[in-house]
Amino acid sequence: MLDWLILGAGVHGLHAAACLRSQGARLRLLDPNPRPLSEWDRRAELLGMSHLRSPIDQDIDVGQLSLHHFAEAQPRLEPGAFSGPCRAPSLALFRRHVAWIRDRLGLDALLERGVARSVELVEGGVRVESEEGSLRARRLILAIGRPRTQVPAWAEGIGGAALHVFDGGFDHGSPGGAAVVVGGGLSAVQLALRWARARPGETTLVCRRPPSIAELDAAPRWARQRWSWRFANFSLAGRMAILDSEVRRGSVPSQAAARLARAQRSGRLRVVFGEVSSARKEGGELLLSIDHHGALRCRRLALATGFARGFDGVPLFEGLAQTLGLERGPWGMPLLDGALRWHPRIHVLGAAASLSLGPLAANIAGARLASGRLASMGPS
Ligand SMILES: Cc1cc2nc3c(=O)[nH]c(=O)nc-3n(C[C@H](O)[C@H](O)[C@H](O)COP(=O)(O)OP(=O)(O)OC[C@H]3O[C@@H](n4cnc5c(N)ncnc54)[C@H](O)[C@@H]3O)c2cc1C
């Protein structure tokens, strides 16, 4: 029996693994991908992401300022290794740092490939079944990210989920003609800029309103442990209100806003403000009706409309809530204790821990807050 089994080898699972491994715990990560952080890499590549949004002090290593020291120790740092007032690291630097952590702590060897299908309590721990067999551990961490994308109803009849940039079935290739990206946040802007670079003048970004400018997804204070505890002490309604008002949805950092404005001015990218009300296929094309604007015709469409906020209907969460009678709050989010326990043997990290950690729960900052909470339980 392992000490810990972590479901999901994304940012949250990997950071938890690094922390537990450095304490000498016996653990495994279970994820269908061939290496840790595969989902992150896939999304970043698809969007043509050059830099992270988060600052240099938010990295996935154990301890503080590891990425900062790693960068200083590089014999030669490429120009543009950092961007913006928050010194957001380039994706290339972040990846090198992650590779160094994985190597140093031997994290790749801890990865078992598979999708967790069910979890049940057994004597002294839990057993997780995947298509590859079963794993048993004294404690389980759920770090499966946000499993469902947000697909607008009007897109259902023309391709649905497969049109979403974060869906496994999304076509990675550049468009071969007129293209439309729908969405109002950083992912939409990044993809529209990437497509506009590939085929200048043929891409349109459709968003409800001009993106607001914010360097980070939420104010930096939410990355501090003290603020996350303060958050957790509010009533449920208070926490929901804070999440609603503090997470800067539909915002982009100043540098991305400047790139968007340049692309618009030069005619490489067109931006239309409005809401898509319906869409249909016509021959080999798609015809989108946009409120207050008229119709747009395109050959390729991408939905960069983010992830579903809640966890209702996510099989692992539904199964656990039903079989173990575990409590859930609004949006089907698990209600956790201070050490992020949903059950004495089951912890939850990432976006699903938003009601305990606050507005940055899903981010790297949230992964670091979570490891502090796990450590607050004492030795594993
Ligand atoms: C494009 C983009 C850029 C971002 N940039 C930043 C940034 O710069 N800074 C920042 O702090 N945050 C950023 N974020 C937010 C956040 O850090 C990322 O969304 C991050 O990927 C969340 O990590 P995660 O581990 O929760 O989820 P994921 O990265 O989605 O990882 C979850 C893992 O769980 C696995 N999994 C799912 N279900 C199961 C199952 N049943 N069994 C086993 N494994 C399973 C998946 O295969 C996946 O590998 C960004 C997000 C996006 C989308």
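Helices and strands are DSSP runs, numbered from the N terminus. That numbering is used throughout this walk through a predicted model.

Start with a loop. His292 sits between strand 15 (285–290) and strand 16 (294–298). Its backbone stands out: phi of His292 is near 60°, a positive value in a residue other than glycine. His292 is also exposed, because its relative accessible area is 86% and the cut-off for exposed is over 50%.

Trp331 repeats the backbone theme. Trp331 is not a glycine, yet it has a positive phi of about 60°. The residue belongs to the loop between helix 9 (315–324) and strand 18 (341–343). Trp331 has 40% relative accessibility, so it counts as partly exposed.

From Trp331, step across to helix 8. Ala261 is 70 residues from Trp331 in sequence, and the two C-alpha atoms are 36 Å apart in space. Ala261 is part of helix 8. With 27% relative accessibility, Ala261 counts as partly exposed.

Where does the largest share of the positive patch come from? Helix 8 (residues 254–265) supplies it, with three residues. Arg259 is a residue of helix 8. Arg259 has a relative accessible area of 32%, so it passes the area cut-off and counts as partly exposed.

Now go to a buried glycine. Gly177 lies in the loop between strand 8 (133–142) and strand 9 (179–182). The relative accessible area of Gly177 is 7%, so the residue is buried. Which residues does Gly177 touch, leaving out those up to four places away in sequence? They are Arg199, Glu202 and Arg299. For Glu202, the sequence separation from Gly177 is 25 residues, while the C-alpha to C-alpha distance is 6.5 Å.

Helix 7 gives another view of the buried residues. In helix 7 (residues 236–246), the buried residues are Gly238, Arg239, Met240, Ile242, Leu243 and Glu246. What do the buried residues of helix 7 pack against? Their partners are helix 6 (225–232) and helix 10 (354–357).

Salt bridges come next. A side-chain nitrogen of Lys or Arg must lie within 4 Å of a carboxyl oxygen of Asp or Glu. By this rule the model has 24 salt bridges.

Take helix 2 as one setting. The side chains of Glu39 and Arg43 form a salt bridge there, at 3.6 Å from N to O. Why are these two separated by about one helical turn? Glu39 and Arg43 are four residues apart in helix 2 (residues 38–47), and that spacing is about one helical turn. Both ends are partly exposed: Glu39 has a relative accessible area of 30%, and Arg43 has 26%.

Arg127 and Glu129 make another bridge. Their side chains meet at 3.2 Å, N to O. Arg127 is partly exposed, with a relative accessible area of 26%. Glu129, at 27% relative accessibility, counts as partly exposed too.

The bridge between Arg208 and Glu275 has an N to O distance of 3.0 Å. This pair links distant parts of the chain, 67 residues apart. Arg208 is in the loop between strand 10 (203–207) and strand 11 (212–213). Glu275 is in the loop between strand 13 (269–273) and strand 14 (276–282). Is each end buried or exposed? Arg208 counts as exposed, at 56% relative accessibility. Glu275 counts as partly exposed, at 36%.

Salt bridges can also join into a network. Which residues are linked in this way? Arg35, Asp41, Glu45 and Arg95 are.

Technical notes:
Residues numbered from 1 in each chain as written. Predicted model: local features only at pLDDT ≥ 70, side-chain atom pairs only at ≥ 80, totals over all residues. Heavy atoms only, no water. Buried < 20%, exposed > 50% of the residue type's maximum accessible area, 1.4 Å probe, protein only. Contact = heavy atoms within 4.5 Å.
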